[in-house]
Amino acid sequence: MDLMRVFGTTHPVIGVVHLLPLPTSPRWGGSLAAVMERAEQEASALATGGVDGIIIENFFDAPFTQHQVDPAVVSAMSLIAQRVRALVDVPLGINVLRNDALSALAIAQNVGAHFIRVNVLTGVMATDQGLIEGCAHRLLRYRRELDSGVKIFADVLVKHARPLGTPNLTTAVQETIQRGLADAVILSGWATGHPPTREDLELARAAAGHVPVLVGSGANADNVAHLLTAADGVIVASSLKRKGQIEQPIDPQRVSHFVQAVRRALEPETSDLSPGYASPYPNESPAHSYEQITQPSP
């Protein structure tokens, strides 16, 4: 996969729009207009701040379904994605949690999105939803049936989950690409807000060959330069929120600061990230995990 062709850069920053609770979810607030309004505000903040792509996901629908989401969720996400697609001029991705990849592909195909994120493309993972099995065999056939060019970004040993058995990271990456036919792979830490280690990123990159490896969690303005020495791009959410708290809206200043940190990392000859560099947010608490999320602020 050619990241330059999709994102206009070889090391994209992909920001995430966490949708407020959608219809049928436990914390649904009763107003799709309110969900749309916040999604539009956050997408605009991300695009204005300079991200290279945006993922829309139903993050606040937790606890998530094990397999297919309710049709009302698909309908709502389609409407929101269409609005965002018309609002911002960056590539758009879809992630239907926890692992409804077919719905994500259908939404992406119909609204003109460019890629989807799939938590479990191959293998079997034990999660708080139960056992989730890889969906590559159905997803790739469905993509062919739709004659779709939507790219598949697949997590490897996804966060908030444990694999059955003890798979080797190198083998897991290779199988996700060679047997699951992923267009890019994503490596995360153990939970939301926690980054993968550089050692794991290096192993994944060596195993992936020419397939891009993206950081899927835990990137912030302080560590992104370090992470990008072993990764081809980054998906970021928590650290772009107000005070770095996952339930808060996107902070445009934090987006700009993060993007600038990435640009400096990719142009070391002009970098001012010296040993004396200080974060503008030194005392904030770490991002919450799924289990710590309270009712999001509107």
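Helices (H or I, at least four residues) and strands (E, at least two) are DSSP runs, numbered from the N terminus. With that in hand, welcome to the close-ups. This is a predicted model, in which local features need pLDDT of at least 70, side-chain atom pairs count only at pLDDT 80 or more, and totals for chains, interfaces and linings use all residues. Residues are numbered from 1 along each chain as its sequence is written, and side-chain values use heavy atoms, with hydrogens and water left out.

View 1. Of its 298 residues, 55% are buried (buried means under 20% relative accessible area, exposed over 50%, partly exposed in between, with a 1.4 Å probe and protein chains only). Contact means heavy atoms within 4.5 Å. Among contacts between residues at least 6 apart in sequence, 70% join residues at least 24 apart.

**View 2. Strand E11 (residues 233–236) is covered on both faces.** Gly233 and Ile235 are buried on one side, and Val234 and Val236 are buried on the other. In a regular strand the side chains alternate between the two faces of the sheet. Two strands pair if DSSP finds at least two bridges between them. Strand E1 (residues 13–18) runs parallel to E11 and is joined to it by 3 bridges; here glycine 15 has valine 236 as its bridge partner. Strand E10 (residues 213–215) also pairs with E11 in the parallel sense, over 2 bridges, and valine 215 stands opposite valine 234.

**View 3. Helix H5 (residues 136–146) has a buried face and exposed residues on its other side.** Ala136, Leu139, Leu140 and Arg143 are buried. Seen down the axis of H5, these residues fall within an arc of 95 degrees, so they line one face of the helix (the arc is that of the directions from the helix axis to the C-beta atoms). Their cover includes helix H4 (101–111), strand E4 (115–118) and strand E7 (151–155). On the other side of H5, Arg141 and Glu145 are exposed.

**View 4. Isoleucine 116 sits in strand E4.** Isoleucine 116 is buried, with a relative accessible area of 0%. Beyond its neighbours within four places in sequence, isoleucine 116 is in contact with several residues, including Ala104, Leu105, Leu139 and Ile152. Asparagine 95 is 21 residues away along the chain, yet the C-alpha atoms of asparagine 95 and isoleucine 116 are separated by 5.7 Å.

**View 5. Some loops hold backbone angles worth a look.** Most residues other than glycine have a negative phi, and most peptide bonds are trans. The peptide bond from alanine 62 to proline 63 is cis, with omega near 0 degrees; proline 63 is in the loop between strand E2 (53–57) and helix H3 (71–87). Another cis bond joins leucine 97 and arginine 98, with omega about 10 degrees, and arginine 98 lies in the loop between strand E3 (92–95) and H4. Threonine 24, in the loop between E1 and helix H2 (32–49), has a positive phi of about 80 degrees and is exposed at 52% relative accessibility. Aspartate 147, which follows H5, has a positive phi near 55 degrees. Aspartate 147 lies in the loop between H5 and E7 and is exposed, with a relative accessible area of 68%.
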